[in-house]
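Dear colleague,

Please find the structure below.

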Amino acid sequence: LKTCFNGVNALSGELAFGRKGRIIVAIFMYLELYLVAIDFMILEGDNLEKLFPSVDFHVAGVKIGGKQGFVLIFSLLVLPTTWFRSLSALAYVSVGGIVASVVLIAAVIWVGAFDGVGFHERGVLVHWAGIPTAMSLYSFCFSGHAVFPMIYTGMSNRKMFPTVLLLCFIICTLSYGLMGVVGYLMYGESLKSQVTLNLPSRNLSSSIAIYTT
């Protein structure tokens, strides 16, 4: 669905700026999709490797490392969701994502508040060397714009779209901000791009956070 909409964007670029406009728009849109997909693969591979650090896969006599194997498995599991004609088929999955986000935030806060980690870390207010990583993570969090038209056409009451969009962006921004602040107060300069990779191993709340992710 994202790919179809990106094709529409590329056509719009051509209508506005000619063939060069179409090529430029297409390059940026498809590059974004490619990088977002890679981000998801890395996210799942890292967290599953933390859960199962000693796992290796053997396929046709070839040894595949745990992280790489988890990335391949996750890719195969997610691939069928790209074949749906309408986003309405993913509505129930989206609800699961919302529940998972709430559980994840609660579990991370629980680790800081009750599992001995605390919220006492301090550090430099702005770490300039980390700006590229921060910007890439920030843009990744708001990369759903490509499917907005499909969401709109799939709604039973399209008049609610502006309200739903505004509410979702407010909730997402507050959630991301809360997680960023909590993670920094817990681990300071040692905070990784995924806070789940910082969480203590063999801990119930940590396991809940990682499994939920």
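A salt bridge is a side-chain nitrogen of Lys or Arg within 4 Å of a carboxyl oxygen of Asp or Glu. The structure holds 2 salt bridges. This is a predicted model, in which local features need pLDDT of at least 70 and side-chain atom pairs count only at pLDDT 80 or more, while totals for chains, interfaces and linings use all residues. Residues are numbered from 1 along each chain as its sequence is written, and side-chain values use heavy atoms, leaving out hydrogens and water.

Asp46 is buried at 13% relative accessibility, whereas Lys67 is partly exposed at 26%; buried means under 20% relative accessible area, exposed over 50%, and partly exposed in between (1.4 Å probe, protein chains only).

Asp56 forms a salt bridge with Lys63, with 3.7 Å between the closest N and O atoms. Lys63 is exposed, at 58%.

There are also 6 aromatic pairs. Rings of Phe, Tyr and Trp (its six-membered ring) pair if their centres lie within 6.5 Å; planes under 30 degrees apart count as stacked, over 60 as edge-to-face and the rest as tilted. Phe57 and Phe70 form an edge-to-face pair, 5.3 Å centre to centre with 85° between the planes.
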